[in-house]
Amino acid sequence: MRKYSIFAIAREAMRAHKGWEAQWSSPEPRSSYDVIIIGAGGHGLGAAYYLAKEHGITNVAVIEKGWLGGGNTGRNTTIIRSNYLYEESMDIYEHSLKLWEGLSQDLNYNVMYSPRGVMMLSHNVHDQQSFRRHINAHRLYGIDNEWLTPEQAKAYCPPLDISKTARYPINGATLQRRGGTARHDAVAWGYARAASDRGVHVIQNCEVTGIRRGPNGEVQGVETTRGFIGAKKIGVSAAGHSSVVMEMAGVRVPLHSTPLQALVSEPLKPIFPCVVMSNTVHAYISQSDKGELVIGAGTDQYNSYSQTGGLQIITHTLDAICELFPIFRRVKMMRQWGGITDNTPDRSPIQGVTPVPGLFVNCGWGTGGFKATPGSANLFAHLIARGEPHRLASGLTLDRFRTGRLIDEAAAAAVAH
Amino acid sequence: MLLIHCPYCEEDRSELEFRWAGEAHIARPENIAAITDEEFAEYFFLRNNEKGLTYERWRHIHGCGRFFNAARDTVSDRFLMTYKAGLPKQPIPTAEETAAIAEEKTVETWEATEGDAR
């Protein structure tokens, strides 16, 4: 792999950019691998990269039914933060945030991580009390988060309407300054390139149709649309389709899959300096480096794999955006899409061993998996390599639904889903 | 937005009038104190989450307020049928039956009853 650098750009500029090589290879699948990861999104590709880099396991394939990064990795609103309430969540999201900070250098790929600050608006006394509780929990745990008055919030984010006569008045806000955004496609591409460089096979357009198990129940490999591929260990990281894939191995997981929508506006000049979220009126918004306003809507109420969603869901969000930021009332929306999120009963992810020997699962990231990409991938690689969870992910087991040790993070989500 | 047929009101109404209420035909264990943790987790948390045909409950919360069951395709979001709560799992209507049902249905939307079309 040729390293990307300013010298590489200069060199290629001298020879009409004819020397750029493919970022990752697309090899024919081998007959078997040490590890197969199902799902080439950020989490799956990242896990393959960390398996190769930190655990020395390079005989790895990432199998994807579509194209890499074409699922939720390419459909989210790219928000990064770690201000969750419970220790199990703070552990993994903060681990992830720390990896985000050095990810571009680590991968030699500009993932455009931009710590521009994530602001959460408080509209009433209950919001304020719960946000202050969050801030105290974060500070005790060594995570940055601070309280802003409405005037301070307006100073940090000038388009905000803080007038007393606003439809949704604001009585304060929290700000996590290290939170922000990153370029979602670049995360998938960067991991794919770095993993491919270390010998990982990224196999696209290859759908897993079954998981073959041996006489003792252990995994032997996967049936795919390109034939059988053997594997000693299998990691499932299939987002909204995780329960479909797990069913192939006879394991039921407590997930329900719902569409989550997002939309972007026409490109504007830089106008919006940070990420703003409002749980109470359900809105979150940021501006991409291309200039589009990136707006996240809610989930539909029913299970669906349609990768679309109801129009009333996005109009509801846009109602709130137009009230909070009257300046955007005449902005045109350009594209809208949906992704399928896998939600757990306690709204916390599942990462751990399964009852099937050799089968590991990473799912249930629901509406907030993008921010966790590096941390989740890093700990999933540890889980697959060692066969037991890393300390930071030890609470996220599948078993918690039997023991009752749930991580009831629903109340700490940025917006109510 | 979905258009849902309430089997009690016998009308197609907008999804806004309804609440989704999870998978249908899950029976609460009769002696719940006696079951194991595994059985409780199975009953309480584990769901089929089908890709394709699913049986689910809905509630006509802003209408008659009653729960009913539905069969729906989770890929196309198309409702195959709805039927009253308490009935056993119903067989899926054939393509001809579905077409016949669609034929005789009048869809009560604003456009059809009061809008420009009228």
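This is a predicted model: local features need pLDDT of at least 70, side-chain atom pairs count only at pLDDT 80 or more; totals for chains, interfaces and linings use all residues.
Colleague: Which domains does the assignment give for chain A, and what distance separates their centres?

Modeller: The domain assignment of chain A gives domain 1 (6-110 + 183-254 + 346-412) and domain 2 (118-177 + 257-343). Taken over C-alpha atoms, the centres of domain 1 of chain A and domain 2 of chain A are separated by 28 Å.

Colleague: Which element gives the largest share of the side of domain 1 of chain A that touches domain 2 of chain A?

Modeller: The contact takes 25 residues from domain 1 of chain A and 24 residues from domain 2 of chain A. On the side of domain 1, the residues divide into 7 nonpolar, 13 polar and 5 charged. H3 and helix H7 (242-248) of chain A each supply at least two residues of that side, and the largest share, 3 residues, comes from H3(A).

Colleague: With which residues is A:Met119 in contact, leaving aside its neighbours within four places in sequence?

Modeller: Leaving aside neighbours within four places in sequence, the residues in contact with A:Met119 are A:Ala153, A:Tyr156, A:Cys157, A:Ala173, A:Thr174, A:Leu175, A:Cys274, A:Val275 and A:Val276.

Colleague: Are H3(A) and H9(A) roughly parallel or roughly perpendicular to each other?

Modeller: The axes of H3(A) and helix H9 (residues 373-386) of chain A come within 6 Å and cross at roughly 105°. Angles of 65 to 115 degrees count as roughly perpendicular. The two helices, H3(A) and H9(A), are therefore roughly perpendicular to each other.

Colleague: How many nonpolar, polar and charged residues has the contact of H3(A) with H9(A)?

Modeller: H3(A) takes part in this contact through residues including A:Ile92, A:Tyr93, A:Leu99 and A:Trp100, while those of H9(A) include A:Pro374, A:Gly375 and A:Leu379. By class, the contact of H3(A) with H9(A) has 7 nonpolar, 6 polar and no charged residues.

Colleague: Is A:Ala16 buried or exposed?

Modeller: A:Ala16 has a positive phi of about 55° although it is not a glycine, and its place is in the loop between helix H1 (6-14) and strand S1 (32-38) of chain A. Because A:Ala16 has 7 other C-beta atoms within 10 Å, A:Ala16 is exposed.

Colleague: In what order do the elements of chain B run from the N terminus on?

Modeller: Of the 118 residues of chain B, 16% count as buried. There are 3 helices and 6 strands in chain B, and from the N terminus on the elements run β-β-β-α-β-β-β-α-α.

Colleague: Which element gives the most to the side of chain B that touches chain A?

Modeller: The contact takes 18 residues from chain B and 19 residues from chain A. Strand S3 (19-23) and helix H1 (37-44) of chain B each supply at least two residues of the side that touches chain A. By class, that side of chain B has 7 nonpolar, 4 polar and 7 charged residues. The element that gives the most to it, with 3 residues, is H1(B).

Terms used:
Residues are numbered from 1 along each chain as its sequence is written. Chains are lettered from A and ligands numbered from 1 in the order in which they are written. Two residues are in contact if their C-beta atoms, placed from the backbone, lie within 7 Å. Helices (H or I, at least four residues) and strands (E, at least two) are DSSP runs, numbered from the N terminus. Ala, Val, Leu, Ile, Met, Phe, Trp, Tyr, Cys and Pro count as nonpolar, Asp, Glu, Lys and Arg as charged, and the others, Gly among them, as polar. Axes are lines fitted to C-alpha atoms, for helices over the stretch in contact, and angles run from 0 to 180 degrees between N-to-C directions. Angles under 35 degrees count as roughly parallel, over 145 as roughly antiparallel, 65 to 115 as roughly perpendicular and the rest as oblique. Domain bounds come from an automatic or database domain assignment. A residue is buried if 20 or more other C-beta atoms lie within 10 Å of its own, exposed if 12 or fewer, and partly exposed in between; C-beta atoms are placed from the backbone.
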